[in-house]
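The entries follow in the order I looked things up.

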Amino acid sequence: MNDILIIGAGYTGMMAAVGVARRTKAARVTILNPVDRFNERLRQHQAAAGHELAEFRIPDLVEPAGVRFVLGRAAAIDTAAGRVVLDDGRDLHYDTLVYALGSRTPQVPNAYTIDDPKLAVALRDNPTGVFTVAGAGLTGIEAATEAAEAYPDLKVRLVSRGEPGSMMGPKARVYLLKALDRLGVEVRTGVSVAQVLPDAVELDGGERLPSDVTLWTTGVQAPPLAAEAGIETDATGRVVVDATLRSVSHPNIYAIGDAAAIRQAYGVIHGTCQSGIPSGAHTAESIVRELKGKAPKPFRFGYIHQPVSLGRGDAVIQFTNPDDTPSRWYLKGRAAVAYKEAVSSSPVKFYRSRTAIPARLTGRTGGRRNRL
């Protein structure tokens, strides 16, 4: 029996864990996570605005597949001994390790991040105050529109160097900007936040904007655990992997999702659920291939869409080419809301499936635009 250990029970780690367990009985599959509640990152903007989310417990999702859940936090990886040391002194052995710790927005003094449960409390306590969102990427847009809809008397301001929706095609971008205007979101572009103060944000030119609650959404950091263990990482702390998603320095370690620097023909993948789940499914297939004495296959991934919620009753979906550039197609309004909900609810359905979901069904390969 081989010990397969997955550290991190986000979208990606969960897909890898149930994928291995449902494909083979020749391995003991364990997943380690600091909390037993599954975090639906695709819905964090809803939680921030005070909406109650469904509660899914990780053991309930993985144990029917034969996966053992361990509650705990990884403190160190001992690659020589093949074990992960927990912060309470316990340790877990592995023959194959799947590193799926994801990434997060860095902490900035006096600002919240989207995954901070205190953000919802702060917005609830300041329903007529000023809410400043630093960063106009998809997270910032969703947070700003969700809060503006949930708290009509709240002044919501979006501050960014670039234009909101700059990655989208012109029609989808126009629709997005109209939604921001309809919800009363003030947009300040061409500026950067130099520092966040307790009651204001200071721009790089010295201007101060009053702010009762500030959300920071720019930049991502990978956990330091891999680098501290001597595993080769890039400048952002992501594990450098080969074409099969194995660590280039430690072949018995796979790195997937946001925690891995996954290179494709068009460049390095940026961390999203739509790329993370296919990397988890592919890794599950690769581990089972290795258990059968076969070589793992290269991972190929092409983007499909850029889905953006604009409050509970509106959304826009920009469909993309495999390299994430916008195609001519997009969805808006209620059709986009239904599409976005289908996307957001699909991971839990994958984990509950009685059979393993083939990697080819979780995303596209990129075709001719992604020849490795």
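What share of the contacts in the chain with a separation of 6 or more comes from residues 24 or more positions apart? I read off 64%. I note here that the model is a predicted one.

**Entry: the whole chain.** I counted 9 helices and 22 strands. For 372 residues, a compact globule would have a radius of gyration near 21 Å, and I found 21 Å for the chain, so the two agree. Along the principal axes, the C-alpha atoms fill a box of roughly 60 × 45 × 35 Å. I then looked up burial, taking under 20% relative accessible area as the cut-off. By that cut-off, 52% of the 372 residues are buried. The accessible surface is about 16,600 Å², and carbon and sulfur atoms hold 50% of that area.

**Entry: helix H1.** I asked how many residues of H1 (residues 11-21) are buried. The count is 11 of 11, so by the under 20% cut-off the helix is mostly covered. Tyr11, Met14, Met15 and Val18 are among the buried residues, and so are the glycines Gly13 and Gly19. I also looked up what covers them. The cover includes three strands, E1 (2-7), E2 (27-33) and E7 (96-99). It also includes the helices H3 (58-62), H8 (273-291) and H9 (333-352).

**Entry: sheet E4-E5-E6.** This is an open sheet of 3 strands in that order, with antiparallel pairing. E4 (74-78) and E6 (91-93) are the edge strands, each pairing on one side only. From one strand to the next, the twist averages 20 degrees. I checked E5 (residues 83-86) against E6 and found 3 bridges in the antiparallel sense. Which residue of E6 does Val85 stand opposite? I found Asp91 there.

**Entry: sheet E20-E21-E22.** This open sheet also consists of 3 strands, in the order E20-E21-E22, and its pairing is antiparallel. Its edges are E20 (305-309) and E22 (326-332), which each pair on one side only. Neighbouring strands are turned against each other by 15 degrees on average, direction ignored. Between E21 (residues 315-320) and E22 I found 4 bridges, again antiparallel. Across from Val316 I found Lys332 of E22.

**Entry: what lies on that sheet.** I looked for a helix across these strands. Helix H6 (residues 170-182) lies across E21 and E22. H6 runs at about 160 degrees to E21.

Terms used
Residues numbered from 1 in each chain as written. Predicted model: local features only at pLDDT ≥ 70, side-chain atom pairs only at ≥ 80, totals over all residues. Heavy atoms only, no water. Pairing = 2+ DSSP bridges. Helix = DSSP H or I, 4+ residues; strand = E, 2+ residues; numbered from the N terminus. Axes fitted to C-alpha atoms, helices over the stretch in contact; angles between N-to-C directions. Rg over C-alpha atoms; globule rule 2.2 N^0.38 Å. Buried < 20%, exposed > 50% of the residue type's maximum accessible area, 1.4 Å probe, protein only. Contact = heavy atoms within 4.5 Å. Areas by Shrake-Rupley, 256 points an atom, 1.4 Å probe, with all protein chains shown as cover.
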